[in-house]
Amino acid sequence: MLGVLALVGPAMSNQLRVFLLTLSVVDDFLAVTIIGVVYSDEVRVGPLALAGACLVVLWLLGRTREWRSGPYVVAVVVLWGATVQAGVHPSLAGMLAGLLVPAAATERTAVLHAKSLFRDYWQSPDAGAARTVRLGLARSISVNQRLHEALRAPVSLVVVPVFALANAGIDLRGDALGAAFGSVVLWGVVAGLVVGKLVGICLGTWAALRMRLGGLPDGVGPGSVVGGAALSGIGFTVSLLIVDLAFDDEAAAQAATVGVLVAMVASSLVGWAAFRVARVRFGETSADLPVTLTPPVDVGRDHVHGNPEAPFTVVEYLDFQCPFCARATGTWADLRDHFGDRIRYVVRHLPLEDVHPQAFVAALAAEAAHRQGRFWEMHDVLFANQARLELEDLRGYAAELGLDLERFDADLADPELAERVRSDAESGGAGGARGTPTFFLNGVRHRGPHDARTLVAALEASTPDVSARRRS
């Protein structure tokens, strides 16, 4: 589906891709549940009880925040064997295990701990220190993420291709193909995948919007939803699995398998037509967030660090309460060390008030300090004291920097400063920034890791935006 989307969909379709992947995951969960319930017979109580105990063990491991992957792997292997012996389809065990193995965002404290361990190894490199670093790095990433990374290659390169080869073989000798097209099973499968998926997803999305249960992803229009719904009729792995389980008659199974492949072609054509109509009639040329910095850098307004006339520009949208912003990671210092006077660093505000309640007032404090020529000093102090950003704390930092407190208090209450911060946030939204930190490299939003090495490589591979620098 994603491959066809890349061929027939909008040139930029990341947001639509996330929408379709979410639908696919839920669809597969439902399909696997049906497989486990409907296609399981002669269930044996003993192994089923063992499988249930394994699920409890997985739940307890997650609740106790066990970070080592070994206990999870053992529990999952026993769970799989127990479900096979119980007569329950093992795909159900895989789905439940995937839901119970904990996944969580990486915490800043864990990253800092791993950094301190690496410092120990740097100062005294030996096998024991190396093992401690390795364990510290593993502990900073959730078990689910580590297993996902470890299994991605063997699943993509071995498991799925072997499954496809084992289940998609069709004997087309003689009149087999004609018999398949004459079977009601083939047309039933085609109707279910091509028409059923298209109508079901479109009506479900429309109903969710009408009932205000959610909204379309930013940048995704109704025409793209129709095109994506059509492409969702491309069935393969789960569809072939159900064919293998549902039909005992060889001719019916072969007709159903041909139906899955015919639906793949038909869904691709319907999706292509839907995207074409959406592009020509409704102007939906993209299904992604914007990527262009809007407005461009203005050295008279923006906070610029480094050479104002530098050919390379890094703009960071930050939140002073965000633990992953550039000051905490040292990204800017590394970029400056690498590029020297050839780079300039610009910061704009994107306070995520729903997550970080003191972020907005901290941004106001930085702007108030700017009016007294001390923006970057306040910038550094705020990031060094992220846990203490209440109003009295901010006044204390202003006093430490030698600012005029009376003027500082007046500026904090000035509506113009609040409008300045909101204007920065709006410009971030216009450029596709939805979280912090978000980087724009030479006027284009950077996607992917934002470590210094990655940013250096991206900058060196890009062309400096000379025209934008001249405008600024």
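Student: Before we start, what kind of model is this?
Tutor: It's a predicted model.

Student: Which residues sit on which side of β3?
Tutor: I343, Y345, V347 and H349 are on one side, with R344, V346 and R348 on the other. Both faces are covered. As a general point, side chains in a regular strand alternate between the two faces of the sheet.

Student: And in what sense does β3 pair with β1, parallel or antiparallel?
Tutor: Antiparallel, over 4 bridges, with β1 being residues 303–306. G306 has R344 as its bridge partner in β3.

Student: What about β2 with β3, parallel or antiparallel?
Tutor: That pairing is parallel and runs over 7 bridges. R344 turns up here too, as the β3 bridge partner of T313.

Student: Switching to aromatics. How many aromatic pairs are there?
Tutor: The count comes to 9 aromatic pairs. One of them is Y317 with F440, which is edge-to-face: 5.6 Å centre to centre, with 65° between the planes.

Student: Where in the chain do Y317 and F440 come from?
Tutor: From distant parts of it: Y317 is in strand β2 (residues 312–318), F440 is in strand β4 (residues 438–441), and they are 123 residues apart.

Student: Are those two buried or exposed?
Tutor: Y317 is buried, at a relative accessible area of 0%. F440 is buried as well, also with 0%.

Student: What's the geometry of F375 and W376?
Tutor: Their ring centres are 5.1 Å apart and the planes are at 85°, so that pair is edge-to-face; the cut-off for that label is planes over 60 degrees apart.

Student: Why does W376 count as buried?
Tutor: Because its relative accessible area is 18%, and buried means under 20%. F375 is buried too, at 4%.

Student: Which residues make up the ring cluster?
Tutor: W332, Y345, F375 and W376, linked by ring pairs.

Student: New topic, helices. Where's S224, and what does it touch?
Tutor: S224 is in helix α11, residues 222–231. Leaving out residues up to four places away in sequence, it touches P10, L16, F275, A278, E284, S286 and A287.

Student: Is S224 buried or exposed?
Tutor: Buried, because its relative accessibility is 0%.

Student: And V190, which helix is that in?
Tutor: Helix α10, residues 184–210. V190 counts as buried, at 11% relative accessibility.

Student: What does V190 touch?
Tutor: V195, G259, V262 and A263, not counting residues up to four places away in sequence. For A263, the C-alpha atoms are separated by 5.0 Å, although V190 and A263 are 73 residues apart along the chain.

Student: Where's L157, and why does it count as exposed?
Tutor: L157 is in helix α8, residues 143–167. It counts as exposed because its relative accessibility is 66%, and the cut-off for exposed is over 50%.

Definitions and conventions
Residues numbered from 1 in each chain as written. Predicted model: local features only at pLDDT ≥ 70, side-chain atom pairs only at ≥ 80, totals over all residues. Heavy atoms only, no water. Helix = DSSP H or I, 4+ residues; strand = E, 2+ residues; numbered from the N terminus. Buried < 20%, exposed > 50% of the residue type's maximum accessible area, 1.4 Å probe, protein only. Contact = heavy atoms within 4.5 Å. Phe/Tyr/Trp six-rings, centres within 6.5 Å; stacked < 30°, edge-to-face > 60°. Pairing = 2+ DSSP bridges.
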